[in-house]
Amino acid sequence: MTVPAAIRELLACPRCHGQLTDERGGESLLCPACALRFPVRDGIPVMLLDQAERVII
Ligand SMILES: [Zn+2]
């Protein structure tokens, strides 16, 4: 289940307010600037820094 387009358009990184990249077909959202991955649970993006996963880009 992916994020509905209307909600997806409103999303920005909570840290830098930059644009997010869809990953794994919308199963997670990546901020390339912060190297943080935000989970999407049941189609609901979890835009919390303490839930974000650090990634190596
Ligand atoms: Zn960011």
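## A strand covered on both faces

Start with β2, which is covered on both of its faces: S28 and L30 are buried on one side, L29 and C31 on the other. A residue counts as buried if 20 or more other C-beta atoms lie within 10 Å of its own, as exposed if 12 or fewer do, and as partly exposed in between, with the C-beta atoms placed from the backbone. Keep in mind that this is a predicted model, where local features need pLDDT of at least 70 and side-chain atom pairs count only at pLDDT 80 or more, while totals for chains, interfaces and linings use all residues. Residues are numbered from 1 along each chain as its sequence is written.

## Who pairs with β2

β2 has a partner in β1, and the two run antiparallel over three bridges; D22 sits opposite L29 there. Strands are said to pair if DSSP finds at least two bridges between them. The two strands make a hairpin with four residues between them, and R24 in the turn has a positive phi of about 50°.

β2 also pairs with β3, again in the antiparallel sense, over four bridges. Here L29 faces F38 in β3. This hairpin has four residues between its strands as well, with A35 taking a positive phi near 60°.

## The core

The largest nonpolar core holds nine residues, among them C13, L20, L29, F38 and A52. Such a core is a set of buried Ala, Val, Leu, Ile, Met, Phe, Trp, Tyr and Cys residues joined through C-beta atoms within 7 Å. β2 (28-31) and β3 (36-41) each supply at least two of its residues.

L36 belongs to this core too. Setting aside neighbours within four places in sequence, L36 is in contact (C-beta atoms, placed from the backbone, within 7 Å) with R15, C31, A52, R54 and V55.

## Out at the surface

Now for E9, in the loop between α1 (5-8) and β1 (21-23). Is E9 buried or exposed? It counts as exposed, because E9 has 9 C-beta neighbours inside 10 Å.

## The whole chain

Overall, there are one helix and five strands, in the order α-β-β-β-β-β. Helices (H or I, at least four residues) and strands (E, at least two) are DSSP runs, numbered from the N terminus. Of the 57 residues, 19% count as buried. The C-alpha trace spans about 25 × 20 × 20 Å along its principal axes.

Key
Contact = placed C-beta atoms within 7 Å.
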